[in-house]
Amino acid sequence: MKRITIKDIATEAQVSISTVSFVINGKGEKMAISPAVIKKVQEVAKKLHYRPSMIASSLRTGKTRSIGLIVEDISNQFFADLARVIEDEAKNIDYRVFYCSTGDDDARSEELVQSLLQANVEGFIITPTKNLEKTIDLLLKLQKPVVLIDRYFAHQKVSHVVMDNYEGSYSATRFLIEKGCKNIAVVNNKSQMIQMKLREKGYTDALKEAGIYDKSLALYLDYHANEKSRIDSLVAFFKANPKIDAVLFLANYMGLAGLQAFRGMGYKIPEDISVISFDDHDSFKLHTPTISVIAQPIEDIAIKSIQLLMSQMTDFDAFKVEKVLKKGTLIVRESV
């Protein structure tokens, strides 16, 4: 199908190309074009389904009406769901979203930021990797609007929107204790990112308050390990600690590996072990029994991150840094 140009509109409306250009770019009145001609050009443009060139518009205005979204792993359902809502919210204000995954790799993260800078995106929503703080500082020096999601750097003055990870983990662990569990394990990764530290601290504090904390019941998995290695590590850990009667997985990919490990070991849930995982997943709903989760407020995080980004893009000098905590939800299913 032939792309409609302003020349086509000018021919149909029987006006000059410059007249169409002024009208399309909202300068009709300023250039003393009559209301009748402005209306005629707008009607012809609509009739011909004219869509302005984003490239041409960017060259002319310096604006691309685009946002860069950098997440850890777009194939993970949590990040995929988050990206979908952010994209929907951006579409409502006529912005496009370019999104990509870091794989929790610092070098890859820096490359993606540089690529999006070259694409002239107007703002960034980022799930930062461990050593990305200096790159984010650079974006701030360049006066590029930035909002961090899911995690942040404690001493950096940049807006972020995250779940209250401490409260979510604390509440889930308290729930397991109230259900009579005595030997509650935690499965974390080795990243030492702030959201993972807070999740483990919530778990630890709840157990210490109950007088049943056992530091030996913590397993730390390598984020970059393949699924088989994760499952093997989980099997070895639970075989070495047969007294464990409950486990809190601090991310859904670890919870999914755990379910496979338990199946291979012949564990019955919740008879042999109770299970709660961070971040809901379709597999948790379809599993028999269904798996209890700490669900993140994905829609709230997405909407607030767009709002904070837009406030920066509207007036970078006037906006104030906001650090927003959103409460998660413990969804109790059949695994406890």
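The legends below describe close-up views of several parts of a predicted model.

Because the model is predicted, local features need pLDDT of at least 70 and side-chain atom pairs count only at pLDDT 80 or more, while totals for chains, interfaces and linings use all residues. Residues are numbered from 1 along each chain as its sequence is written, and side-chain values use heavy atoms, with hydrogens and water left out.

**View 1. The largest nonpolar core and F238.** The largest nonpolar core holds 47 residues, of which L234, F238, V247 and M254 touch the most other members; such a core is a set of buried Ala, Val, Leu, Ile, Met, Phe, Trp, Tyr and Cys residues joined through side-chain atoms within 4.5 Å. Helix α11, residues 252-265, gives the most to this core, with 7 residues (helices are DSSP runs of H or I with at least four residues, strands are runs of E with at least two, and both are numbered from the N terminus). When residues up to four places away in sequence are not counted, F238 touches I244, V247, F262, M265, Y267 and I273, where contact means heavy atoms within 4.5 Å. A second, separate core has 24 residues, including I67, V85, I298 and L309.

**View 2. The largest cavity.** The structure holds 1 cavity of 30 Å³ or more, and the largest cavity has a volume of about 150 Å³. On a 1 Å grid over the protein atoms alone, a cavity is a set of points where a 1.4 Å probe fits but cannot get out, a pocket is an open set with protein on both sides within 12 Å along at least five of seven lines, and lining residues have an atom within 4 Å of a point; grid points are joined across faces, edges and corners, and a volume is the space filled by probe spheres set on the points. Of the 18 residues that line the largest cavity, E72, R151, Q195, A251 and Y253 are the closest to its centre. Helix α9 gives the most to this lining, with 3 residues.

View 3. T288 and P289 are joined by a cis peptide bond with omega about 0°, and P289 has its place in the loop between α12 and β10 (292-295).

**View 4. Q14 in a loop.** Q14 is found in the loop between α1 (6-13) and α2 (17-24), and phi of Q14 is near 60°, a positive value in a residue other than glycine. Q14 is exposed, with a relative accessible area of 69%.

Terms used:
Buried < 20%, exposed > 50% of the residue type's maximum accessible area, 1.4 Å probe, protein only.
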